[in-house]
Amino acid sequence: MRFSRRTLAAAAVAAVLVPLSACGSGGDDGGSTDASGKIEGDITFQTWNLRANFKDYFEGVVAEFEKKYPGTDVKWVDQPAEGYADKISADAAGGTLPDVVNVSPDLVAPLAKAGLALDLDKDAAQYKKEYLEGAWASHEIPGMTGTYAFPWYLNTGPLFYNKSLFEEAGLDPAQPPKTYDDLFADALHIAERTNGDVATLANVPTIEDFGRYGVPLMNDEGTGFSFNDAKGVELLTKYKELYDAKALDSQALTATPESSGKKFLTEAVAMNPGSALDLGNFKKQAPNLYKNIGITDQITSTGHANMYVMGVMVNAQTKQKPAAVAFAHFVTDAAHQMSFAKQVAIFPSTAGSLDDPYFTKEDGTDETRVRVAAAKSLKNAVNYTPVLFSEQMKVELRNAVARALQGKESPKEALDNAVSACDRLLQQQG
């Protein structure tokens with residue numbers, strides 16, 4: 001499954017975000033404004049589409065916290081996956097933003113700019129050393145000082161490929177593509193040998209693909225985008241060649257992580273990004289694919305895999321700051337991250353956790369092989385998606401890519417227009 005922030009849901013874990021509902025939010029009356037005060041009071045813990053799979057885990061975390069801190073009451077609320085970013089925006093605008101909000105970096109940026117995200121460098125600096133340096137820095141906002149969420153879980157994943165489709169096209173299934181040149185050459189070869197019946201990829205390039213290709217995405221000041229440079233145009237030109245040759249799936253322009261994952265599952269495409277969690281799905285739903293599954297590293301021109309990051313933000317206006325900070329830290333501490341990682345294919349952001357034997361020792365299974373390789377790559381992985389790259393900007397880029405692939409604009413024109421649109425949206429962010 002396409003491994004984007006959204007794909008965390010499809011490929012790694014139902015993507016998680018945790019706001020705390022209105023009962024603990026807003027106002028200056030009736031609550032502590034000092035994070036070092038007594039940990040007590042009512043807060044609400046809201047997750048995104050997690051109750052179905054992780055009800056016992058989160059109820060256990062809440063009960064454990066309430067036992068440790070008598071006088072606290074954590075209300076756990078779960079929201080459906082669809083429209084979660086819009087819900088956060090509406091809560092922020094309406095003054096009903098939860099006390100603790102599990103966000104990705106791009107979702108925390110507008111909240112931090114609006115003064116709604118607590119600066120942890122000021123109010124929780126004592127915890128900084130518990131987390132990987134890169135993970136703690138992942139919720140920094142260009143143009144602002146501070147860190148605006150506790151790091152929670154990380155993810156990355158390999159590239160899966162179908163050995164039988166490679167072999168049928170006359171390619172060596174033991175030699176998957178290692179570079180972008182290899183990937184594009186193999187994709188064109190497979191399309192030619194199958195008369196366009198088998199595509200290699202099911203997704204158009206997203207912002208993290210441009211990052212992995214080595215395209216500079218923003219200027220150093222964080223005031224403008226730059227993915228329309230020569231290297232960005234080169235990548236999109238390559239994808240246009242794939243599209244014209246039917247090496248890119250015909251439905252890639254409207255693909256979702258779920259639909260592209262299904263294409264790979266039904267052996268309609270030869271390669272797809274994913275995670276260790278997918279192997280279980282293959283084994284159960286597509287035993288023939290599982291029998292022929294190939295696993296290789298993410299392709300990158302930079303030497304750094306792409307990393308996805310989730311975090312837990314504290315509402316700066318909460319009435320119960322000590323309890324909110326304590327709970328956000330509790331959810332993301334090393335013990336709880338390790339416990340969660342053993343339930344679902346995610347990786348802890350806490351210092352030293354990736355050196356645990358669970359992430360370093362193989363037992364001969366594909367699942368362990370993927371987990372160990374992913375944990376190793378996370379140590380120097382990069383979150384390529386710029387913190388300031390909003391959902392609207394992702395739509396602008398996707399639309400531009402579609403225009404280029406359909407021949408309505410040249411790759412250069414399409415990316416120039418996308419950068420202009422994204423720069424305008426960036427200025428509107430303030």
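In what order do the 3 strands of the open sheet containing E5 stand, and in which sense do they pair? The order is E6-E5-E7, and the pairing is antiparallel. The edge strands of this sheet are E6 and E7, each pairing on one side only. On average, neighbouring strands are turned by 25 degrees against each other, direction ignored; axes here are lines fitted to C-alpha atoms, for helices over the stretch in contact, and angles run from 0 to 180 degrees between N-to-C directions. Two strands are taken to pair if DSSP finds at least two bridges between them. Helices (H or I, at least four residues) and strands (E, at least two) are DSSP runs, numbered from the N terminus.

The model is predicted, so that local features need pLDDT of at least 70 and side-chain atom pairs count only at pLDDT 80 or more, while totals for chains, interfaces and linings use all residues. Residues are numbered from 1 along each chain as its sequence is written, and side-chain values use heavy atoms, with hydrogens and water left out.

Strand E5 covers residues 159–162. Towards strand E6 (residues 271–273), E5 pairs in the antiparallel sense over 3 bridges. Within E6, asparagine 272 is the bridge partner of phenylalanine 160, and methionine 271 is that of tyrosine 161. Strand E7 (residues 293–296) is joined to E5 by 4 bridges and runs antiparallel to it. Isoleucine 293 in E7 stands opposite asparagine 162.

A further open sheet has 4 strands in the order E3-E8-E4-E9, with antiparallel pairing. Its edge strands are E3 (100–103) and E9, each of which pairs on one side only. Between E4 and E9 there are 2 bridges, in the antiparallel sense, and proline 348 in E9 stands opposite tyrosine 153.

Strands E4 (150–155) and E9 (347–348) also belong to the surroundings of helix H15, whose buried residues pack against them and against helices H2 (51–68), H14 (321–332) and H16 (357–360). In H15 (residues 334–341), the buried residues are His336, Gln337, Met338, Phe340 and Ala341. An α-helix has 3.6 residues a turn, so residues three or four places apart point the same way.

The chain as a whole holds 19 helices and 9 strands. Of its 430 residues, 56% count as buried. The radius of gyration is 22 Å, which agrees with a compact globule because one of 430 residues would have a value near 22 Å; the radius is taken over C-alpha atoms, and the globule rule is 2.2 Å times the number of residues to the power 0.38. Along the principal axes, the C-alpha atoms fill a box of roughly 70 × 50 × 35 Å. Among contacts (heavy atoms within 4.5 Å) with a separation of 6 or more, 77% are between residues 24 or more positions apart.

The average pLDDT (the predictor's confidence in each residue, from 0 to 100) is 89, and 92% of the residues score at least 70. Over residues 1–32 the pLDDT is below 50, and this stretch has 160 contacts in the model beyond near neighbours in sequence.

Key:
Buried < 20%, exposed > 50% of the residue type's maximum accessible area, 1.4 Å probe, protein only.
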